[in-house]
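Have the model open as you read.

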Amino acid sequence: MPGLNSAAHPLRVLMLSKALVTGAYQRKLEEIAALPGISLVALVPATWESQRLERVYTQGYQMLEVPLRFNGSFHLHHYPGLSRLMGSLRPHIVHIDEEPYNLATYLAMRAARRVGAKVIFFSWQNLNRGYPPPFAWMERAVLRHADYAIVGNREAEGVWRAKGYQGPLAVIPQFGVDPAVFCPPEQPETRPRFVIGYAGRLVPEKGVDTLIHAAALLPGSWLLRIAGSGPEERSLSHVAGLLNIGGGVEFVPPIPSTQMPAFYQGLDVLVLPSRTMPNWKEQFGRVLVEAMACGVPVIGAATGAIPEVIGDTGLLFPEGDQHALRDQLLRLMADPTLRRALGLAGRRRVLEHFTQAHIAARTVEVYRALCP
């Protein structure tokens, strides 16, 4: 009599994730669904904050849009009607792509337990932070009753063990990249200027001001291309103007996830200059692996998960140190051979550790461990 994980009796997995409104992230679900013995349904809101659901990679699994309450509230958002859906879908595993102290996680776990499903939570949290009631109560309940934890970086494992989680745990980033899409250009471009890139939120913790100050110290011909938006955009533009480098800094509106490969392919280096804050430090740095997959050398601040992601295939500098960052940029400006070597090494690292297929396979290993 065949058991779960067989074609006759597939393992029914329900994944709940607001992050999947981003189309590029959905490729992991196609990879999961393509593995034998898996039947996958993804529950995704129609929007998260200002981003609408991008339906890009939808083959092999079912994607359902579900109503969302308190859109944009990280701690309070949740999905009404989830119990009814679980009752009709009867999953074996509910994979909650949320931090354990969120209301969405707590309510999804309760709904999963009512139908006898195993529960997985996901966390990026690499700072041991306390929360007031009721979030502390919800966190304790999730840690006590969850069947498995997946965390996105090694520091997060230490956080949840310190907080009392005693169950099985795997360190697996939330999403990888598709190396057939995020790849070096077929014909490398000869550029008249050295092009430095940043992509992400324009907020204090991302340290973009450090990058602008470092660029201002560079000699020669260069262009700093900053893609993203956020509350710091006006002040960062003002800083560039005060430094009399306005012509060398280009602010680009947020780019759809499916168009990011072209952005990376136009760079000579990508920089992630994050800085640690009292309530946050870099948890992964997805732009690093995307740029590395495109053969672009990367420079990152030595904070949070950035050294873990880059390994020995990129350059690091002490967070907030504009002169040290300037020195690393100078190294790459002056040495095309080093740029090529780091670009090749970075792509190799992505192919070994950070592809969607690799992340999917490791995630399915967790599913099969829960329901052998």
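## A bridge and its sheet

In strand 13, Val-269 is the bridge partner of Ile-196. Two bridges connect strand 10 (residues 194–199) with strand 13 (residues 269–272), and the two run parallel. Strands here are DSSP runs of E with at least two residues, and helices are runs of H or I with at least four, numbered from the N terminus. Two strands pair if DSSP finds at least two bridges between them.

Zoom out, and there are six strands in an open sheet, ordered 12-11-10-13-14-15, with parallel pairing. Strand 12 (249–252) and strand 15 (315–317) are at the edges with a single partner strand each, so one side of each has no neighbour in the sheet. From one strand to the next, the twist averages 20°. Helix 11 (residues 322–334) lies across strands 10, 13, 14 and 15, and runs at about 160° to strand 15. For such angles, axes are lines fitted to C-alpha atoms, for helices over the stretch in contact, and values run from 0 to 180 degrees between N-to-C directions.

## How to read the numbers

This is a predicted model: local features need pLDDT of at least 70 and side-chain atom pairs pLDDT 80 or more, while totals for chains, interfaces and linings use all residues. Residues are numbered from 1 along each chain as its sequence is written, and side-chain values use heavy atoms, leaving out hydrogens and water.

## Salt bridges

The structure holds 15 salt bridges, each a side-chain nitrogen of Lys or Arg within 4 Å of a carboxyl oxygen of Asp or Glu. One of them joins Lys-281 to Glu-155 at 3.1 Å, N to O. Lys-281 sits in the loop between strand 13 and helix 9 (286–293) and Glu-155 in helix 5 (residues 154–162), so the pair ties together parts 126 residues apart in sequence. Lys-281 is buried, at 15% relative accessible area, and Glu-155 is partly exposed, at 32%. Buried means under 20%, exposed over 50%, and partly exposed in between (1.4 Å probe, protein chains only).

Arg-191 also forms a salt bridge, with Asp-268, the closest N and O atoms being 3.1 Å apart. Arg-191 is in the loop between strand 9 (169–171) and strand 10, and Asp-268 is in the loop between helix 8 (260–265) and strand 13, 77 residues apart. Asp-268 is buried, at 13% relative accessibility.

## A look at Thr-47

Thr-47 lies in strand 3 (residues 47–48) and is partly exposed, at 22% relative accessibility. Beyond its neighbours within four places in sequence, Thr-47 is in contact (heavy atoms within 4.5 Å) with Val-21, Arg-52, Leu-68 and Asn-71.
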